[in-house]
Amino acid sequence: MIVKTEGFVLKSRKYGESDSMLVIFSRKLGKINAIAKGAQKPKSALIAGVQPFCYSDFLLYRGKNLYTVTQCEPKEIFYKLREDVKRLSYASYLVELIEAVTIEGQTNNRMFNLLGKTLYLMTKSDIEINTIVRSFEMNFLNYCGFKPEFHCCVSCNKTTSASWKFSSQEGGLLCENCFSVDPYAMKISEITLRLAKYLQTKEITEIHKLKISDFLNEALKKLLKQYILVHINKYDFKSLELAEKL
Ligand SMILES: [Zn+2]
């Protein structure tokens with residue numbers, strides 16, 4: 001059976017002499033593994049569309065365990081991401097997060113659109129990279145079913161408290177009466193909380209020029225990192241750490 005779908009290449013590695021083994025996040029089939037035969041040959045018609053991050057139109061043949069890319073028309077190769085190693089590392093981080101949560105064969109249109117918008121914004125020179133990454137993380141968590149609760153206490157539902165903590169384990173805020181529920185809960189300031197709520201409700205395209213102070217970015221990054229570690233199995237943050245060192 002032949003399927004036509006658009007998709008992003010999440011991963012591409014050399015396979016055998018001249019083939020590429022791909023992980024594609026496609027609109028119609030969700031995440032799939034596919035082989036692109038001969039794609040490593042310099043004259044291959046597939047070569048341009050099977051690079052990491054590439055957004056392409058694919059014609060896929062469904063085999064027993066694996067898809068075969070029979071045709072591939074690149075629509076956007078995100079060349080600017082490849083030129084800048086810092087942006088490339090951030091893009092790798094986003095793509096790895098998506099790979100970690102998507103399930104083979106399960107579509108996720110909102111996640112698909114989020115990835116496209118984010119990669120596109122990351123090629124622009126006038127964006128705030130920290131804002132893009134934090135906004136992506138927040139939207140990503142919404143769309144993969146792990147939305148953190150920033151509006152009320154996850155233990156007693158109270159919406160007011162003199163101070164708040166954030167519990168990754170419990171999935172959101174703890175009011176001052178419930179701090180003991182999770183001894184590892186982190187303090188969250190009023191202003192960090194406000195930013196988190198704001199990012200949670202805004203599309204990435206609405207806020208990509210918003211400037212977040214280093215202090216607030218660090219606070220939110222730390223909190224989201226711990227949350228992702230608890231909820232998304234096996235994710236190791238190597239690409240994010242590399243991006244931040246560059
Ligand atoms: Zn409470």
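Let me begin with a definition: a residue is called buried under 20% relative accessible area, exposed over 50%, and partly exposed in between, computed with a 1.4 Å probe on protein chains only. By that rule E137 is buried, with a relative accessible area of 1%.

A word on the source. This is a predicted model, in which local features need pLDDT of at least 70 and side-chain atom pairs count only at pLDDT 80 or more, while totals for chains, interfaces and linings use all residues. Residues are numbered from 1 along each chain as its sequence is written, and side-chain values use heavy atoms, with hydrogens and water left out.

I return to E137, which lies in helix α4. Helices here are DSSP runs of H or I with at least four residues, strands are runs of E with at least two, and both are numbered from the N terminus. Contact means heavy atoms within 4.5 Å. Leaving aside neighbours within four places in sequence, E137 is in contact with Y93, L224 and I228.

L224 and I228 also belong to the meeting of two helices. Helix α4 (residues 129-143) packs against helix α7 (residues 214-231) at an angle of about 35 degrees, and their axes are 11 Å apart. The axes are lines fitted to C-alpha atoms over the stretch in contact, with angles from 0 to 180 degrees between N-to-C directions. From α4, N130, R134, E137, M138 and L141 take part, and they meet N217, L220, K221, L224, Y227 and I228 of α7. These contact residues divide into six nonpolar, two polar and three charged; Ala, Val, Leu, Ile, Met, Phe, Trp, Tyr, Cys and Pro count as nonpolar, Asp, Glu, Lys and Arg as charged, and the others, Gly among them, as polar.

Next, S89 in helix α2 (residues 85-101). S89 counts as buried, at 6% relative accessibility. Beyond its neighbours within four places in sequence, S89 contacts S239, L242, A243 and L246.

Finally, the aromatic rings. Rings of Phe, Tyr and Trp (its six-membered ring) pair if their centres lie within 6.5 Å; planes under 30 degrees apart are stacked, over 60 edge-to-face, and the rest tilted. The count comes to seven aromatic pairs. In one of them, F8 and F112 have ring centres 4.9 Å apart and planes at 55 degrees, so the pair is tilted. Because F8 lies in strand β1 (residues 2-15) and F112 in helix α3 (residues 109-122), the pair ties together parts that are 104 residues apart in sequence. Both F8 and F112 are buried, and ring pairs link F8, F25, Y55 and F112 into a cluster.
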